Amino acid sequence: MHSPSLWQALHQRRYLRSGWPWRCALYFLTSVPLGAALLACLLVLALAGSLLTVVLVGVPLLLTLVLAGLPVAHVERRRLRLIDPAVPLTDAHQDPPRTGPAAWLRTRLQERSTWRELGYALLFGCLLWPLEAAVIGTVLGVSGGLISTPLIMATAGGGEEARVIKLWLVHSYPAAFAVALAGLLLLPLLAYPLGLLAVGRAQLTRLLLDVSPHQDDVRVKELSRSRMRLVSAFEAERRRIERDLHDGAQQRLVSLSMRLGLARLDAREEPLAGLLAQAHGEAQAALVELRELIQGIHPRVLTDRGLAAAIEDIADRSPVPVDLDLDLPHRFLEAVESAVYFAVCEGLANVAKHSQATRATVEARVEAGQLVVRVVDNGVGGADEADGTGLEGVADRISVLGGHLLVSSPSGGPTVFRLLVPCTPAPDRRLDAPPAR
C-alpha cells in the first residue's frame, strides 16, 4: 500500500505521532539557507552581468542567470519528497538532438520548462524563503520561548524573574514551569497550521515545476501507443511483401531462368540461340535486382537470426572495411530490430558515400535498459542531420520507439553516429531460432 499523503495525514488522529510534523519542519528549515544562498547568487549574477556586459564578459554571467533555474529545480524536486513523496516530480527536459555544449544550450533555451524553472527560482529566492523563515521562526520561537522559560530564569534572571518571549515577566519557578507546560501543549497545535502551509507549498511547487499534467500524460501515452501500433502494422506489412516476393515472384523468376537455360542447351542455331541467351541474361539480372529489393524491404537474416547477424551481413557487404563489437545477448522486439538495422544501414551508407573514410566501427550493446549502437568512422567529418532526409528519417523512426539519434561530426572527423533505443528482451524470439519458412 502507498503511504498517505500529507493532506490525508492531517485528517488522521495519529498525525501528531507520525513523522509528518518533523518532515514539514525540516522542509521549511532547509528552505531558509537554500533561499538565502540562491538570492545572493542571483544578485551577484545580475549585477556583475549587467555591469560587465559592455566588455562581453557579462554575457556568460547573464546566460548563467537564465539557466540558474535548472539546478534549483533539481534540488527542489528532491526536497519536495519530504512533504509530498506520493508522486515524484520528473525532469521534463529533453535530450539534445546531438552532442556538444552548443546543442545542449540551444535545446535548453528553447524549452518552456527552462523558463518556468527560472521563474520558480526568482520567486523562491525573492519571496518564498523569507515567508518560510517567518513561519518556522514563529513556530519554533513561540514554542521554544515558552518551553525555555525555566532555563532563562535559572541562567539570565538569577532565579528571580524571566521575560517570556519579551512580552511579560514571571517571578517564580512555578509560574515559569507553567509557562513551559503551556509551550509543550502549544507545540502540537502549531503542527497543524505548519502542515497546512506545507501542503500549500507543495502544490505551488508542483504548479510551477510540473509541466506535464495528468491529462497531457494520458494523451501522450495514447499517442505513443498509437504510433507503436502503426509501426508494428508497418513492419508486418513489410514482412508480408518480402515473403510474397520471396516465395512468389522470385521463385517464378528462378523457374524462368532455369527454363531459358535449358532452352539454350537445346537451341544451338542462330538467331534463336542468341535471343535465348539475351533473355536468360535479362532474367538473371532481374533476379539479382529482385533479391536486392527483398533485402532492402526486410532482410531474411534479420528475421531468422536476429540483429547481430544482420549487422554482420551489412558489414560484409560494405565497401568500407568495418570492425564489429557486438554484445547482444538476446533478441528484441521486431520494431526495435528493424529500426536499428535500417539505421545502421543508413550510417554505413553515409560512411561509404560521403566520409572518405578508410575504416569504420559498429558497436552495439545493452546498457541500463537501452540498446546503444555507435557507428564511428575515420573520415573527414562535417555530416549534418539537417542536410539530407536519410538521417532525418532515421531520427523520426527511432523517436517513435522513444529513442534518440545523436550525431557528432566535427570538421576533420571523426563522425560518431549514436543510437539510444529503449528495449526489452523478446523471450519468444530466440537467437538460435530456425529459419522462417
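Val 373 stands opposite Leu 419 in S7. The two strands concerned, S5 (residues 370-377) and S7 (residues 415-422), run antiparallel and are joined by eight bridges. Strands here are DSSP runs of E with at least two residues, helices are runs of H or I with at least four residues, and both are numbered from the N terminus; two strands pair if DSSP finds at least two bridges between them.

The model is predicted, so local features need pLDDT of at least 70 and side-chain atom pairs count only at pLDDT 80 or more, whereas totals for chains, interfaces and linings use all residues. Residues are numbered from 1 along each chain as its sequence is written, and side-chain values use heavy atoms, with hydrogens and water left out.

S5 and S7 belong to an open sheet of five strands with mixed pairing, in the order S3-S4-S5-S7-S6. Strands S3 (322-327) and S6 (404-408) stand at its edges with a single partner strand each, so one side of each lacks a neighbour in the sheet. On average, neighbouring strands are turned by 10 degrees against each other, direction ignored.

Two helices lie across this sheet. Helix H13 (residues 334-354) lies across S3, S4, S5 and S7, and runs at about 10 degrees to S5. Axes are lines fitted to C-alpha atoms, for helices over the stretch in contact, with angles from 0 to 180 degrees between N-to-C directions; contact means heavy atoms within 4.5 Å.
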